[in-house]
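Please read the following briefing alongside the sequence and the 3D view.

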Amino acid sequence: MFKSGFIKLNKTEPAKEKATKTSNDRGVVYLGHVPHGFYENEMKHYFAQFGEVTNINIPKSKKTGKARGYAFVEFLYPEVAKVVAETMNNYLMHKKILVAKYLAPNQVKSNTFWRCNKNNIPLTIKNRSIQRKAMERPLDPAQEKQSKAALKRRIQSLQKKLKSKGIEYDVQVEV
């Protein structure tokens with residue numbers, strides 16, 4: 001017949017422990033005043049001397065796509081993160097003094113590392129580059145002739161408006 005979806009638990013059997021570590025068991029370090037050029041790959045190689053780096057998040061500007069100047073580095077063990085925070089605080093790197101703070105698990109937001117390890121370019125930057133390429137693309141001869149004629153008409157109408165206001169202004173346009 002039909003069995004129910006419930007499973008009987010044997011209360012005498014101990015619960016199995018998870019083999020993988022959750023993000024709450026990991027240590028996170030906030031880095032401030034990060035110098036330009038010290039990005040994900042460089043951070044991963046540099047902080048590997050302390051212990052295993054699991055995630056790195058360097059927030060970037062939506063407008064320019066450049067790093068905002070701070071970062072979050074997640075280590076496998078919280079003890080390692082505490083040592084890194086003590087060691088790297090007030091550390092001089094590329095003419096900037098780093099600020100390093102250990103973040104307790106309750107201070108770390110759940111979405112801090114949601115975008116890490118993805119090489120996504122923000123949509124605004126992608127759209128801007130598409131528009132730039134469209135503007136740099138050469139026109140075919142028919143479109144070029146049309147755009148030059150439209151430009152000439154606009155300049156003539158502007159000259160008429162200026163002349164009606166008593167301003168003599170001649171615009172030199174190579175058409």
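The model is predicted: local features need pLDDT of at least 70 and side-chain atom pairs count only at pLDDT 80 or more, while totals for chains, interfaces and linings use all residues. Residues are numbered from 1 along each chain as its sequence is written, and side-chain values use heavy atoms, with hydrogens and water left out.

- Helices (H or I, at least four residues) and strands (E, at least two) are DSSP runs, numbered from the N terminus.
- Phe75 is in contact (heavy atoms within 4.5 Å) with residues including Val29, Phe47, Val80 and Val84.

**Asn57**

- Asn57 is located in strand E2, residues 53-57.
- Asn57 counts as buried (under 20% relative accessible area, with exposed over 50% and partly exposed in between, using a 1.4 Å probe and protein chains only) because its relative accessibility is 16%.
- A polar atom of the Asn57 side chain lies 2.4 Å from the backbone oxygen of Thr112.

**Thr87**

- Thr87 belongs to helix H2, residues 78-88.
- Thr87 has 41% relative accessibility, so this residue counts as partly exposed.
- The side chain of Thr87 has a polar atom 2.7 Å from the backbone oxygen of Val83.

How values were computed:
A polar contact is a pair of N or O atoms within 3.5 Å; within protein, one must be able to donate a hydrogen and the other to accept it, and residues adjacent in sequence count only if both atoms are side-chain atoms. Lists of a residue's contacts leave out its neighbours within four places in sequence.
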